[in-house]
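Dear colleague,

Please find below the structure that I am handing over to you, together with its sequence. My notes on what was found in it follow directly after.

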Amino acid sequence: MDVVDSTGIFVLGDADPVHAVVVSPVVLLSVLDHHSRRPKGQRRVIGTLMGTLGTGRVLHVTSSLPVPHAEEGGEVAVNTEFHRTMLELHQKVNPDEVVGWYATGAETDADSMVIHEFYGRECAAPVHILIDTEFTRDKFYFRGFMSTAYQIGKLALSSEFRPVPVSLKLDRSERVGLDALIDRADSSKTTGREPLSLCNELDTIEAALERLLELLDVVRERVDAVVAGDVAGDPKLGRFLSETLARVPKVNVQEFEKLLGDNMRDLLMIIYLSKLSQAQLSLAEELLCVDVK
């Protein structure tokens, strides 16, 4: 490992390069996995954040790389060779760039600024995301920081972290996986047994429709309360509901059932063909292993 040198002052400049940070849940799960596998006696782990800077100066963090490091006696050593190698391999399949680094723990310290300065050589404006794995607030909590100069007049004396807004954004596939993890945890608490597998396609569709019906009941109760005069109406919410209903295609029951049946038959045919292909491949592999003499 290489000892990271620090000047004590790391200044980004006058302009704010990042206004907000959006993190993928995959990144947070990777950090938690890294923390759970840390060497015995190591208080925290660090790693590289990868992503892109979008419109409105919103930074999208999409992946991460663990980086071995050591902290002892006020010195920080980072395995830069491992970092370079993993970064090179990652960028061969993913065009994302280095956007900052992560660490586990409840608070930043003096060593955090040293590591931040190291990542300042990797990108122009690194973002630091701190994941609280100690659950000091009785919940999973993470924060974002950027560095700024503490100065008197034009003389920069030192650097300090300032917070930057961080949010979590899920796409559809990530939401399905995260919901499955939550359901699995809840099932383990209530029954003591863990589910064996994820739901199949039909169960997923059924759960989504049940959730949709629950939301429609909530909306109906709200509308009934407004019509009855029990609750004051919200024009913004009313416009939103009107626009949402306008997007629903007007299809009669017979056409909808026919469309659903056709799509279901196509789905079942695809499943059948995929299983048939798997069986053919397995049979071909077995035949290749037969020694015919």
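Arg 57 counts as partly exposed, because its relative accessibility is 38% and that class lies between the 20% limit for buried and the 50% limit for exposed. Please note that this is a predicted model, and every value in this message was computed from it. Arg 57 sits in the loop between strand S3 (46–53) and strand S4 (58–67). Its phi angle is near 55°, a positive value in a residue other than glycine.

In contrast to the partly exposed Arg 57, Thr 48 is buried, at 0% relative accessibility. The side chain of Thr 48 is joined to that of Tyr 119 by a polar contact of 2.9 Å.

Tyr 119 leads on to the aromatic residues. How many aromatic pairs does a search of the whole structure find? The search returns three. One of them is formed by Phe 118 and Tyr 119, whose rings are 5.1 Å apart from centre to centre, with 80° between the planes. This pair is edge-to-face, because an angle over 60 degrees places it in that class. Phe 118 is buried, with a relative accessible area of 4%. Ring pairs also bring in Trp 101, which is linked with Phe 118 and Tyr 119 into a cluster.

Trp 101 has a further contact, this time through its backbone. The backbone oxygen of Trp 101 lies 3.5 Å from a polar atom of the side chain of His 128. His 128 belongs to strand S8 (residues 127–132) and is buried, with a relative accessible area of 0%.

His 69 is found in strand S5 (residues 69–72), and its relative accessible area of 7% makes it a buried residue. Which side chains make polar contacts with the side chain of His 69? One is Gln 42, at 3.4 Å, and another is Glu 71, at 2.7 Å. His 69 and Val 45 are 24 residues apart in sequence, and their C-alpha atoms are 7.6 Å apart in space.

Ala 70 is also in strand S5. Is Ala 70 buried or partly exposed? Ala 70 counts as partly exposed, because its relative accessibility is 35%, whereas His 69 is buried.

Helix H5 (201–228) and helix H6 (235–247) are the elements that give two or more residues to its lining. H5 gives the most, with six residues. Among the lining residues are Leu 212, Leu 215, Val 219, Phe 240, Leu 241 and Thr 244. By class, the lining comprises ten nonpolar residues, one polar residue and no charged residues.

How many of the 13 residues of H6 are buried? The count is zero, and H6 is hardly covered. The N-terminal end of H6 is capped by Asp 234, with a side-chain oxygen 3.2 Å from the backbone nitrogen of Lys 236.

Helix H7 (residues 253–289) has an N-terminal cap as well: a side-chain oxygen of Asn 252 lies 3.3 Å from the backbone nitrogen of Gln 254. H7 has 37 residues, so at 1.5 Å a residue it should span 54 Å. Its end C-alpha atoms are 54 Å apart, which agrees with that expectation.

Yours sincerely

Key: Residues are numbered from 1 along each chain as its sequence is written. This is a predicted model: local features need pLDDT of at least 70, side-chain atom pairs count only at pLDDT 80 or more; totals for chains, interfaces and linings use all residues. Side-chain values use heavy atoms; hydrogens and water are left out. Rings of Phe, Tyr and Trp (its six-membered ring) pair if their centres lie within 6.5 Å; planes under 30 degrees apart count as stacked, over 60 as edge-to-face and the rest as tilted. Buried means under 20% relative accessible area, exposed over 50%, partly exposed in between (1.4 Å probe, protein chains only). Helices (H or I, at least four residues) and strands (E, at least two) are DSSP runs, numbered from the N terminus. The expected span of a helix is 1.5 Å times one less than its number of residues. A polar contact is a pair of N or O atoms within 3.5 Å; within protein, one must be able to donate a hydrogen and the other to accept it, and residues adjacent in sequence count only if both atoms are side-chain atoms. On a 1 Å grid over the protein atoms alone, a cavity is a set of points where a 1.4 Å probe fits but cannot get out, and a pocket is an open set with protein on both sides within 12 Å along at least five of seven lines; lining residues have an atom within 4 Å of a point. Ala, Val, Leu, Ile, Met, Phe, Trp, Tyr, Cys and Pro count as nonpolar, Asp, Glu, Lys and Arg as charged, and the others, Gly among them, as polar.
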